[in-house]
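Colleague: I would like to learn how to read ring contacts. Please walk me through them.

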Amino acid sequence: MPEEKSPETGPSIEALLYQAQKDGILPITSECDMGCVFCSNHFNPPGCEVRTIGRRSLEEIKESLPWLQAAPGPVVIGESVTRINEGEPLTHPDFGPILRLVREVYPQRSIHVTTSGALLTPDLTSLLSSLGVELMVSLNTVGKRREVMGDTDPERTLENVRALGGKVQFDGSIVALPFMTGWDDLRETAKFLRGAGASTIRLLLPGFSSRHPLYKKMPKDTWREVKDFSADLARDLDIPVLFEPPGLKDTLPVVEYVQRESPAAKAGILPGDLIDQVAGKETFSRKDAFLSCRMKENPSVTIDRNGVQIGVVLKKGWNQSPGFVMYEDLDRQAYLNWERSSQVRKGREVLVLTSALAKPVIEHMLSQRELQAKVVAVRSRFFGGNIQACGLLTVSDFWSAYENAVGEGYSPVEVTLPRIAFDPWGRDLEGVHYRAFGEKCHLPVILAG
C-alpha cells in the first residue's frame, strides 16, 4: 500500500484537542491513579498513533473552552473516545476550578464526568451536586478491586460511591470480566451500584487486541453469556442494564427501559414502544429520537405500541433527559450527508466498508430508504483479537476487505469508509491517509459518519 503521511511530527496536540472539543469532549489529563488489567494503553501495536497530554493547565483549558460550542450535546470529561489517552480526571489538581469554569461558560449544558470514584471527597461531591454534574462511575468490581483495578483502598472507593446517593445523579459501568471475577462478583457489583443510587448500569463487553494478555484468557462465548446475564440483572434489580456494544440489527427507535418517576414514565411510555414522531417530525433512528426528545422543552411525542398510535407530552425542560433509555445507532445528519454525496441515490454500485457491528444497522437504513449498496464487514487485522469498533480500523484493514470483495467479481464505482477511523487530517491510526486507498483502487473514496 502507498502511504501518505503528515509531517514528521504528525498532528499537533493542540489540533487533536481542538477536534476533541469540537465533538464535545474536554480532555484535561492523561494521568491515572489506577492500573486496570483491561486497559489497552500498554498493548497497542507498534506504530499506533495515540497521544498523551500530561496535565493541561487551567489557563489553557480556559482559553480552549469556546471550542466546545460546536457540539450540541453535553460536555464530556474523562471518556477516551479520541486519539488522546484520557486518564482519571479527578487526578487533576484543578479539577474543581475546571468544573466551575465549564459551568460558568456553559450554564445550560449538561456536564458528564467519567471517574472510578476513588478520589471523590465530601467537598467534591457537594461541588458536583451544586453544579449539576452527572457522573459515570466506572466501578467494574466490588470484590476484586486490587486485582482488577489496582485499587489500593477498595473500601474507601466503595464508601465514596455510596456517598453519591441522593446527591449526585450518576450511572454505573462495569467492564464484564466474569472469567476473572466470577459471575457472583459481577452480580454483586451491579447490586452495589443499584443500592448506591445509580440510574442505569452499563455492562461493557470486553474487547482486546491480539497483543493483550487477556485476549487468550477470555472464553469465546463471553459476549453471549454477558448479554444473557444483563437481561437477568435488569429483571432482578429493576434497573436499566445495558450491554455494549449491543449488536443492533436495525434502526428502529425502540425504548429499552423507562426510568422511574421520569418524564417518560409520567407520560405512560413503556419499554418496547417505538418513538415515531417528536414535535410532529418523523424520527429517523434511535439516536435521532432520543436527541429530539432531549433537546426540546415539553415535546409532543407519538409512540407506536403494537401498531397503535398514541400521543403523549413529555413534561421536561430543554436539554433534559426524557427518562427513557435507548441504544445509540445512526446520526441523522451524518447519514443524510453521506447519502447526498454518494452515488447510491443514482443506483450505482457503491461499496460500503465498515465494522461488523455497524453492517446490519447500515443495511437496515438502506432498506428503509429503498436504496442498495454492498455493505462489507471489515476485520481488524491491525489490532487483531476481538476488536470490532469502526474507529480502530485502518487503511490496511479496509484494503484487505476491498480485495476480497472485488476478488469475487464485484466492481464498485466508489467506496465509502467510516469517518471515525480517521483523524481530522484523514489519517488512520497508523498515520496512513485515506487517499492512499483511493490511489490504490483508482476509485472515488467518501468518508461517512
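Modeller: Here are the aromatic pairs and the charges over rings.

Modeller: This is a predicted model, in which local features need pLDDT of at least 70, side-chain atom pairs count only at pLDDT 80 or more, and totals for chains, interfaces and linings use all residues. Residues are numbered from 1 along each chain as its sequence is written, and side-chain values use heavy atoms, with hydrogens and water left out.

Colleague: How many aromatic pairs does the rule give?

Modeller: Rings of Phe, Tyr and Trp (its six-membered ring) pair if their centres lie within 6.5 Å; planes under 30 degrees apart are stacked, over 60 edge-to-face, the rest tilted. The count here is 12 aromatic pairs. One of them joins tryptophan 183 and phenylalanine 229, tilted, with 4.9 Å centre to centre and 50° between the planes.

Colleague: Which helices hold tryptophan 183 and phenylalanine 229?

Modeller: Helices are DSSP runs (H or I, at least four residues), numbered from the N terminus. Tryptophan 183 lies in helix α8 and phenylalanine 229 in helix α9, so the pair ties together parts 46 residues apart in sequence.

Colleague: Is phenylalanine 229 buried or exposed?

Modeller: Buried means under 20% relative accessible area, exposed over 50%, partly exposed in between (1.4 Å probe, protein chains only). Phenylalanine 229 is buried, at 9%. Tryptophan 183 is partly exposed, at 30%.

Colleague: Which residue has its charged end over the ring of tyrosine 106?

Modeller: The test asks for NZ of Lys or CZ of Arg within 6 Å of the ring centre and within 35 degrees of the ring normal. Arginine 109 sits over tyrosine 106, 4.9 Å from the ring centre. Lysine 374 lies over the face of tyrosine 410, at 5.3 Å.

Methods
Helix = DSSP H or I, 4+ residues; strand = E, 2+ residues; numbered from the N terminus.
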